[in-house]
Amino acid sequence: MTALVTPDASVRRPEQVEQRWFYGGGVHHWLATAEDTGGAYLLFSDDMEQGKRTPLHTHPTDESLYVVTGSILVHLAGDEHQVDAGGLVIAPRDVPHAFLVLSETATLLTLHTPGSCQAFYFGASEPLTADTSRVIDFGRVQASASLHGGIEILGPPPFKEL
């Protein structure tokens with residue numbers, strides 16, 4: 001039996017939030033890491049531009065996506081749904097899903113429970129600096145998935161060209 005770890009209480013000011021360029025496209029703002037939460041969850045916001053799309057994939061965790069701004073099209077368990085600002089997507093573990101940014105920009109708040117997918121995200125991103133090239137590199141995303149797990153890529157984005 002694994003012992004539960006109780007994390008220390010914490011407050012993170014905006015200037016303390018780590019920003020990372022994700023090679024699938026978008027800037028992640030890491031609000032709570034698995035280390036911060038004793039592995040219970042991880043939480044980040046994701047700023048993206050129109051046309052950003054994910055491949056069809058699953059996670060071994062539950063993933064919740066709260067649309068802070070903008071609009072996305074979500075493919076979830078075989079069905080497509082437009083989700084606008086204020087909407088929520090819950091993708092239970094092992095349920096195939098993908099999303100496409102429809103609006104000019106969108107920000108999602110992403111919650112994974114438990115926080116076991118962090119190594120994938122960190123392996124598929126780099127700290128954001130003034131010199132970050134912000135290129136999309138799905139090869140790096142796939143390499144991180146193979147090395148760290150946390151995601152299984154099932155196929156290409158399931159969306160028709162808009």
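This is a predicted model: local features need pLDDT of at least 70, side-chain atom pairs count only at pLDDT 80 or more; totals for chains, interfaces and linings use all residues.
**View 1. Trp30 and Phe122 form an edge-to-face aromatic pair.** The structure holds 7 aromatic pairs. In the pair of Trp30 and Phe122, the ring centres are 4.9 Å apart and the planes stand at 80 degrees, so the arrangement is edge-to-face. Trp30 belongs to strand E2 (residues 27-32) and Phe122 to helix H1 (residues 118-123); the pair therefore ties together parts that are 92 residues apart in sequence.

**View 2. An aromatic cluster includes Trp30 and Phe122.** One cluster is formed by Phe22, Trp30, Phe44, Phe120, Tyr121 and Phe122. Over the face of the Phe122 ring lies Arg20, at 4.3 Å from the ring centre.

**View 3. A cavity is found in the structure.** A search of the whole structure finds 1 cavity of 30 Å³ or more. The largest cavity holds about 240 Å³ of space. Its lining comprises 23 residues, of which Phe22, Thr54, His57, Phe99 and Tyr121 lie nearest the centre. Two or more lining residues come from each of strand E3 (42-49), strand E5 (62-69), strand E9 (97-101), strand E10 (105-113), H1 and helix H2 (138-148).

**View 4. The lining of the largest cavity contains nonpolar, polar and charged residues.** The lining divides into 12 nonpolar, 7 polar and 4 charged residues. Phe22 and Tyr121, among the residues nearest the centre of the largest cavity, are also members of the aromatic cluster.

Methods:
Residues are numbered from 1 along each chain as its sequence is written. Side-chain values use heavy atoms; hydrogens and water are left out. Rings of Phe, Tyr and Trp (its six-membered ring) pair if their centres lie within 6.5 Å; planes under 30 degrees apart count as stacked, over 60 as edge-to-face and the rest as tilted. Helices (H or I, at least four residues) and strands (E, at least two) are DSSP runs, numbered from the N terminus. A charge sits over a ring if NZ of Lys or CZ of Arg is within 6 Å of the ring centre and within 35 degrees of the ring normal. On a 1 Å grid over the protein atoms alone, a cavity is a set of points where a 1.4 Å probe fits but cannot get out, and a pocket is an open set with protein on both sides within 12 Å along at least five of seven lines; lining residues have an atom within 4 Å of a point. Grid points are joined across faces, edges and corners, and a volume is the space filled by probe spheres set on the points. Ala, Val, Leu, Ile, Met, Phe, Trp, Tyr, Cys and Pro count as nonpolar, Asp, Glu, Lys and Arg as charged, and the others, Gly among them, as polar.
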